[in-house]
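Q: I have a model open and would like to learn how to read its features one by one. Could you walk me through it?

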Amino acid sequence: MSVQAARNLSLEEMDKQSFLHPYTPLADHLDTGPKIITSGKGVTITDSHGNDYIDAMAGLWCVNIGWGREEVVQAIADQARKIAYYHSFASMANEPAIRLADRLTRMAPGEMSKVFFGNSGSDANDTHVKMVWYYNNLRGLPAKKKIISRRRGYHGVTVAAASLTGIQMVHNAFDLPIAGVLHTETPHYYRFAEPGMSEQDYSNSLAQKLDHLIEAEGPETVAAFIAEPIMGAGGVILPPEGYFPAIQKVLKKHDVLMIADEVICGFGRTGKEFGCDQFDIEPDMITLAKGLTSGYIPMSASMISEKIWNVLVAGTPEVGAFAHGYTYSAHPVAAAAALANLDIMERENLTANSAKIGAYFQQKLRAAVADHALVGEVRGIALIAGVELVANKNTKEPLDLKLKAAPRLAALCVGEGLISRALMQVNAVSFSPPLVITEAEVDEVVARFGRALDTLTDQLVKEGSWKG
Ligand SMILES: Cc1ncc(COP(=O)(O)O)c(C=O)c1O
């Protein structure tokens with residue numbers, strides 16, 4: 001027996017002794033231990049005690065085709081058998097990566113010209129940051145480097161991506177953000193628009209604030225703006241009417257690039273192929289991950305427009321090789337998984353299903369909980385939704401975060417056999433189920449969520465921490 005196998009520990013104990021969990025309160029974990037997931041089929045996952053859950057978050061907003069798709073498993077095995085790994089430095093290539101790059105440039109919105117492959121949404125955004133800097137250096141504009149993101153935006157956790165992320169806990173104690181990253185307003189109409197303001201007026205006011213920010217910093221110092229079409233982790237915040245066209249007018253005026261972070265919205269989540277199509281965004285760069293492989297294997301993509309490519313390629317005589325790349329960039333097994341995933345998406349019309357079942361989901365969710373006294377707003381489109389909890393429905397007064405209402409609600413959902421997600425530092429929970437979800441499964445999600453919400457309400461009333 002090997003040394004490792006001889007350790008007579010339960011998996012739970014082994015986990016606590018050796019596994020540092022991402023986004024987990026570390027001390028609490030030592031008490032509570034892990035929840036071990038052992039299998040998945042369709043929209044359902046099973047834990048090591050045999051409990052089933054409808055995963056209405058598709059993992060972390062990513063398993064768009066659902067679990068247990070043999071076709072992807074087979075594509076992974078076939079590719080691993082042929083050649084499990086090769087790099088793509090110095091012009092090396094592999095067939096699945098070439099085919100995937102071709103497919104993505106044909107699918108993507110805007111005038112995307114080239115695809116750089118990475119392994120996570122975070123590293124893809126770091127790649128974009130570096131490409132923006134590189135691009136402006138090659139254009140002879142070395143001062144034009146700042147990148148504007150939005151408060152509550154989520155772009156990942158690597159050093160540059162975490163800096164772009166506009167969520168305090170991602171910066172706290174990590175000495176972030178880095179210099180040269182600015183944060184502007186969240187386009188959160190429900191919470192921040194002045195009373196009586198139309199959505200379009202609110203969008204115009206945000207565009208004006210962005211204009212002032214760029215003017216104040218000096219347009220010659222501002223290089224790019226990054227945004228998720230719908231903010232996911234920051235609260236499922238949809239852009240108010242006319243938001244992106246108004247913002248892009250300002251960006252164009254100041255020669256500022258638009259980076260669309262499609263890590264959640266890409267591949268059908270909003271009922272269109274890309275969030276850019278849904279919200280009139282004309283990107284210069286696009287970040288893709290998650291739904292690219294439905295999470296079967298990690299892979300991300302940083303796409304750039306012809307305009308950016310032309311500058312990069314013209315720079316070769318000056319800078320030599322494009323000195324950026326990961327060991328696993330364009331991994332052949334990941335690319336094969338992505339191609340099989342996209343085949344399923346296309347054959348099963350999952351983007352159209354997202355729009356159709358999504359409309360049903362939005363209507364059912366609103367009918368069930370929008371009038372609930374604890375619910376301030378139900379928002380979303382297609383198969384992405386958020387429910388914001390409030391202390392007072394009429395005044396929109398937020399619940400005290402110390403009550404931990406959202407994490408408690410998500411935990412109560414787990415008790416009902418439902419995975420939702422408590423969003424960071426906001427009183428909201430989210431839903432982002434696999435795009436293969438059926439009407440009957442949507443009914444279950446909504447019924448289970450309703451029961452969890454009622455239980456939370458009873459608890460808060462009993463504690464005297466909420467009066468309704
Ligand atoms: C919009 C967005 N961008 C980037 C990321 C970071 O991706 P990853 O966790 O793969 O690094 C995420 C992750 O949730 C995301 O939602």
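Q: How many bridges join β1 to strand β2, and in which sense do the two run?
A: Two strands pair if DSSP finds at least two bridges between them. Here β1 and β2 (residues 44-47) are joined by four bridges and run antiparallel. The element names are DSSP runs numbered from the N terminus: helices are H or I with at least four residues, strands are E with at least two. Keep in mind that this is a predicted model, where local features need pLDDT of at least 70, side-chain atom pairs count only at pLDDT 80 or more, and totals for chains, interfaces and linings use all residues. Residues are numbered from 1 along each chain as its sequence is written.

Q: What is the strand order of the open sheet of four strands?
A: The order is β1-β2-β3-β14, with mixed pairing. β1 (37-41) and β14 (418-419) each have a single partner strand, so one side of each has no neighbour in the sheet.

Q: Are the residues of strand β8 buried or exposed?
A: Start with the cut-offs: a residue is buried if 20 or more other C-beta atoms lie within 10 Å of its own, exposed if 12 or fewer, and partly exposed in between, with C-beta atoms placed from the backbone. In β8 (residues 257-261), five of five residues are buried. As a general idea, side chains in a regular strand alternate between the two faces of the sheet. In β8, L257, I259 and D261 lie on one side, M258 and A260 on the other, and both faces are covered.

Q: What kind of unit do β7, helix α12 and β8 make?
A: A crossover is right-handed if, with the strands pointing away from the viewer, the path from the first strand over the helix to the second runs clockwise. That is the case for this β-α-β unit, in which α12 spans residues 243-253.

Q: Which residues of α12 are buried, and where do they pack?
A: The buried ones are Y243, F244, A246, I247, V250 and L251. They sit on the same side of α12 because they cover an arc of only 165° around the axis, taken from the directions from the helix axis to the C-beta atoms. They pack against α11 (199-217), β7 and β8, where contact means C-beta atoms, placed from the backbone, within 7 Å. The face turned away from that buried side carries the exposed residues K252 and K253.

Q: Where does P187 lie, and what does P187 touch?
A: P187 is in the loop between β6 (181-184) and α10 (189-192). It counts as buried because 24 other C-beta atoms lie within 10 Å. Leaving out residues up to four places away in sequence, P187 touches L206, I237, P239, P240 and Y243.

Note on methods. Two residues are in contact if their C-beta atoms, placed from the backbone, lie within 7 Å.
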